[in-house]
Amino acid sequence: MFFRIAELTNVKHGRCRQYYGNCHCARIKFKTLLPSLDEHEVQVCNCSICSRNGYLHVYVAREEIEWLKGENSMKGYYFGGKQAEHKFCPNCGSSISVDPHGAFGPDWVSINVRMLQDVDLEKMKIKTFDGRNKLEPPYRPD
């Protein structure tokens, strides 16, 4: 498993702040409550899709995300075991989130931190996950 259940955002514990996010063209907008990203670890994964799309993951309980605009216009992409849906903007192509639809336990969504406003990526604590070697099935392009 590429995350620990304890890492899921629980707004009842710790210091949290409201973050707003959007894709590049602003067709998709959302807000979420997270621990301060100056203190909370974000995850980089080296699997085929995460490395290609530049994901920096932060895991959020589904009920802590409010889609303000465009939720139903996002496009989804499944590959490999087809358990997690990678969602992106159909207009600008921004990779917004990964939604496993409960396949890995609690109902959470990974938000791409690069979509959040007013964050300093250089100050973040980055944790690496070796998805290239740990996720099944391995990616094999045709």
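The model is predicted: local features need pLDDT of at least 70, side-chain atom pairs count only at pLDDT 80 or more, and totals for chains, interfaces and linings use all residues. Residues are numbered from 1 along each chain as its sequence is written, and side-chain values use heavy atoms, with hydrogens and water left out. The protein has two helices and ten strands.

**Overall build**

- Along the sequence, the pattern reads β-β-β-α-β-β-β-β-β-β-β-α.
- The protein has 142 residues, and 40% of them are buried. Buried means under 20% relative accessible area, exposed means over 50%, and partly exposed lies in between (1.4 Å probe, protein chains only).
- The protein exposes about 8100 Å², and carbon and sulfur atoms supply 47% of that area. Such areas come from the Shrake-Rupley method with a 1.4 Å probe; for residues, only the protein chains shown count as cover.
- Of the contacts between residues at least 6 apart in sequence, 61% join residues at least 24 apart. A contact means heavy atoms within 4.5 Å.

**The three-stranded sheet**

- An open sheet of three strands runs in the order E1-E2-E5, with antiparallel pairing. Strands E1 (16-22) and E5 (65-69) stand at the edges; each has a single partner strand, so one side of each is left without a neighbour in the sheet.
- The twist averages 25 degrees from one strand to the next. Here axes are lines fitted to C-alpha atoms (for helices, over the stretch in contact), and angles run from 0 to 180 degrees between N-to-C directions.
- Strands of a sheet pair through backbone hydrogen bonds, either parallel or antiparallel. Two strands count as paired if DSSP finds at least two bridges between them.
- E1 and E2 pair in the antiparallel sense over seven bridges. Tyr20 stands opposite Lys31 in E2.
- Six residues lie between the strands in the hairpin of E1 and E2, where Ala26 takes a positive phi near 70 degrees.
- Strand E2 (residues 29-35) also pairs with E5, in the antiparallel sense over four bridges. Phe30 stands opposite Trp67 in E5.

**Thr32, in the sheet**

- Thr32 is found in strand E2. Thr32 counts as buried because its relative accessibility is 1%.
- A polar atom of the Thr32 side chain lies 2.9 Å from the backbone oxygen of Glu64.
- Leaving out residues up to four places away in sequence, Thr32 touches Arg17, Gln18, Tyr19, Val60, Glu64 and Ile65.

**Thr128, in another strand**

- Thr128 has its place in strand E10 (residues 125-129).
- Thr128 counts as exposed because its relative accessibility is 61%.
- Thr128 and Val44 are 84 residues apart in sequence, yet 5.0 Å apart in space, C-alpha to C-alpha.

**Cysteines**

- A disulfide is a pair of cysteine sulfur atoms within 2.5 Å. By this rule the count is zero.
- For Cys45, the closest cysteine sulfur is in Cys47, at 3.7 Å, too far for a bond. Cys45 is buried, with a relative accessible area of 6%.
- For Cys50, the closest cysteine sulfur is also in Cys47, at 3.6 Å, again too far for a bond. Cys50 is buried, with a relative accessible area of 5%.

How values were computed
Polar contact = N/O pair within 3.5 Å; in protein donor to acceptor, adjacent residues only side chain to side chain.
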